[in-house]
Amino acid sequence: MFRYILRRLLQMVLAFFGTTLIVYALTFAGQGDPIQALAGERPVTPAQRAYLTEKYHLDATGVGGFFYRYFDYVKNLLQGNLGESLTGRNIGDILQQAWPVTVQLALIALAVAIIFGVSAGVIAGIRRASIFDNSTLVLTLLVLGIPTIVLAPLAQYFLGVKWQLFPPTAGSDPTFYALLLPGIVLGSLSLATALRLTRASVAENLRADYVRTARSKGLVKRRIVVVHVLRNSLIPVVTFLGVELGNLMSGAIITEGVFNIPGVGFNLFRGIRTEDGPLVVGIVSVLVVVYLVSNLVVDVLYAVLDPRIRYE
Amino acid sequence: MRVRRLAAWTALPLAVTLGLAACGSGGDGGSGGSGSSAVSIQIAEPKHLVPTNTTETSGAQVLTGLFSPLVDYDAQNKPYEVAAESVTSSDNKVWTIKLKDGFTFHNGEKVTSDDYINAWNYGAYAPNGQDSNYFFEKIAGYADLQGKAPKAKEMSGLKKVDDLTFTVTLSEPYIDFKTVLGYTAFYPMPKAAFSAPGVLKDSYEQAPIGQGPFKMKGTWQHDSKIDVERYDAYPGEKPKVKNIEFRIYQQLTAAYADVLADNLDVLPTIPTESLSTAPSDLGDRYKTSPMSSFQFLSFPTFDKDYSNPDVRKAISMAIDRDEITKSVFKGSQTPARSFVSPVLPGYRENTAGKAGEFNPTEAKKLYQAAGGPSKIVISYNGDGGHKDWVDATVNQLKTNLGVDAVGSAEPKFADLLTKVEKKQPVGMFRMAWVMDYPTMEDYLGPLYTTNGSSNYYGYSNPDFDRLVKEGSAAKTQDEAIAKYQQAEDILAKDMPVIPLRFGENVFGTSSKVKNVEMDLFQRVNLVKIEAAS
């Protein structure tokens, strides 16, 4: 086990540098004129242009310039310095403020997906072809069919503005209540998928041999479902949710924008829009780490759920 | 078994985080709400909050609360003194600025002429990379502070006379200098802002100390809000509200939802996609007021297709401005037929003359006689909500001129400019201008003179340049305006750009505030705003 985790951690280091190199290269290649992008439609003064060019080595172009800037970046990164955004803010500080909010939001979304998705999935799996099963299937189909970019403003308009059940936006220092609606919106897509996965898996396991054995031994139904079926059925769901946690943290760009939540997606969107290369690379580097770690946790969780799986 | 227990230990932190997050996010009830006392105003995350480094609206909005300008503008857009006692000059070259006594910075420092001189020198010194650097270019000695290793750190044109008086010598006479002083870049900065002479503290920007009606409450909370409270020792007009929260939004649509729900007090700009429904959504909370923005189409001079002024006039005559402002902008903008904004002293209606009037038959005749191109392209930036009106314009050109016309979107304005600089065929391209201070020169200079900072299309006419120069060197305002108007007449003849529309402030308020006024620079008047009782 230790050796397995150690091996994975070593792989993570390689994966981390590989992805940052690619992301850095992509932002570098896609960069038009970040200084003008920063100024919007205003003219840029020569003084401002000269200042920013020198500060961010924007004059270093071409392949040589790329490696010069990349190694400069990595050198700072290894010293724990994520650099400065083009507006002169420390990226480490930006992330420190943005991260907790996004983590909260992602966890709410994940909790919504687990609580509603998994339990409804189990019920639907046990009572297959019942009214409950059919209606959840239709509902999840509907949710899967509506993209977040439509769902989020609709939820905001009806639940936030029209009926005023939730605050329409979260804003600064959001409370749990303010994050609930965006969390539900964000989690609804994972909820639908988790529900369908659980349902299929539970339905399949109910017909497995070991369930028949357990039933013929005279075990009560609740114990069969909770201890035997559920545990085996959760393996695909855990894989999905683990990967989804990474997605939720980075993929909240739309939701965070609509509900004005100053999290990671919010900053990433701004970074992309204003061609703020350092900011984009900084955020993505951290996201890479999140992905790698959540994948590792998922793999380790397998062993907990399924004793047959062993890591050497 | 051992394996499983280890695995459980690894999985534990995840579970703990889950649990902690679920409990930790409780906190006080209600959210995003403005609270009972603070008035909330929407802004975007400012780029900077240093006076000499702030050129966008959001930063300027916050600074209007924290600072008090030397001069402000009255209803006719003539400057009047606020922090200055008097601004005088006998020859328009050497200006004497006397400060009012009694102004103090929020940290208790008395405001002296040094604070102005230091702040302006800081802004003009090129290695500081300040955005407003070019606003100081008219002051004598500015050139010595430019370049990588400037010769001097202080402009020779700034001279302290006593604690409340200083003189500004310009490199050449400039009639509008008093008007220019109302701009954000000309605020003073206290001694506490500098760690050494000419070196600004990094922390200053996080909680700027000014001499205005409001002071910072805490620091700038990036991406979330900036709180300010009334500064009781402010000697000028006292604000009616005690606290203001500048709430930062990334997207206007989110802010619009908050205004609808009475959760945000002032939204200075209603998003384009909500313009058609806003009047009915907001009722009497929907408001408009004049603003200085000017939208136009420009012709790059390197493109020979459009080099004949008659072609440009014909295109202008083929555009039905009234129809577009009505159908696309729902009356939130007004048709433009002049080259400067109607809010300015010296503005005349219809200076474009016949070329500004919609006349499809005449347009087609003129276009064919002048040999206009068979295909017209209008380039625009795709991120600014311009597609609708460009499409409408393109369709009008197709029908009225009988040519092929297309709109071509570039991702960002910067991409468009890069193409123009490389002289790639972009066709006509859209541009807009918002003034920095209310003079005709602020339109004519940057947009149409040969070296104008925003003259990306390369228009150049020596007679025009000369007239603008003579105007700014004039002895009296009337004389200056006469020269500027003559210059504008040249534009009507050459038609370097097609004026399209003048903007308006279209804003929304909550039911909790009253007396919301917006100025020509898209800023809310923070002294006049009141809580509705």
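**Where the chains meet.** I started with the contact between the two chains: 53 residues of chain B and 56 residues of chain A take part. I counted two residues as in contact if their C-beta atoms, placed from the backbone, lie within 7 Å. On the side of chain B that touches chain A, the elements giving two or more residues are α1 (2-24), α5 (252-260) and α11 (413-421) of chain B.

**Ground rules.** This is a predicted model, where local features need pLDDT of at least 70 and side-chain atom pairs count only at pLDDT 80 or more, while totals for chains, interfaces and linings use all residues. Residues are numbered from 1 along each chain as its sequence is written, and chains are lettered from A and ligands numbered from 1 in the order in which they are written.

I checked the UniProt record, an unreviewed entry: its "transmembrane region" annotation covers several stretches of chain A, including residues 12-30 and 224-243. Such annotations may be inferred rather than shown by experiment; the positions are in the numbering used here and feature names are shortened. In the model, residues 12-30 of chain A are 100% helix, with end C-alpha atoms 26 Å apart. Residues 224-243 of chain A are also 100% helix, and their end C-alpha atoms lie 28 Å apart.

**Chain B as a whole.** I found 14 helices and 21 strands in chain B. Helices (H or I, at least four residues) and strands (E, at least two) are DSSP runs, numbered from the N terminus. The C-alpha trace of chain B spans about 85 × 75 × 55 Å along its principal axes.

**A four-strand sheet.** Next I traced an open sheet in chain B with the order β4-β5-β7-β6 and antiparallel pairing; strands pair if DSSP finds at least two bridges between them. Its edge strands, pairing on one side only, are β4 (84-89) and β6 (158-162) of chain B. β6(B) joins β7 (165-169) of chain B through four bridges, antiparallel, and B:L158 has B:V168 of β7(B) as its bridge partner. Which helix packs on this sheet? α3 (113-124) of chain B does, touching β5 (94-99), β6 and β7 of chain B, at about 170° to the direction of β6(B). Axes here are lines fitted to C-alpha atoms, for helices over the stretch in contact, and angles run from 0 to 180 degrees between N-to-C directions.

β10 (214-216) and β11 (225-230) of chain B pair antiparallel over three bridges, with B:M216 opposite B:V228. β11(B) also runs antiparallel to β12 (243-248) of chain B, over five bridges; there B:E229 is partnered by B:N243.

**A covered helix.** Last, I looked at α7 (309-317) of chain B: seven of its nine residues are buried. Among them are B:R312, B:K313 and B:I315. The cover includes α9 (360-370), α10 (387-401) and β19 (497-509) of chain B.

Technical notes. A residue is buried if 20 or more other C-beta atoms lie within 10 Å of its own, exposed if 12 or fewer, and partly exposed in between; C-beta atoms are placed from the backbone.
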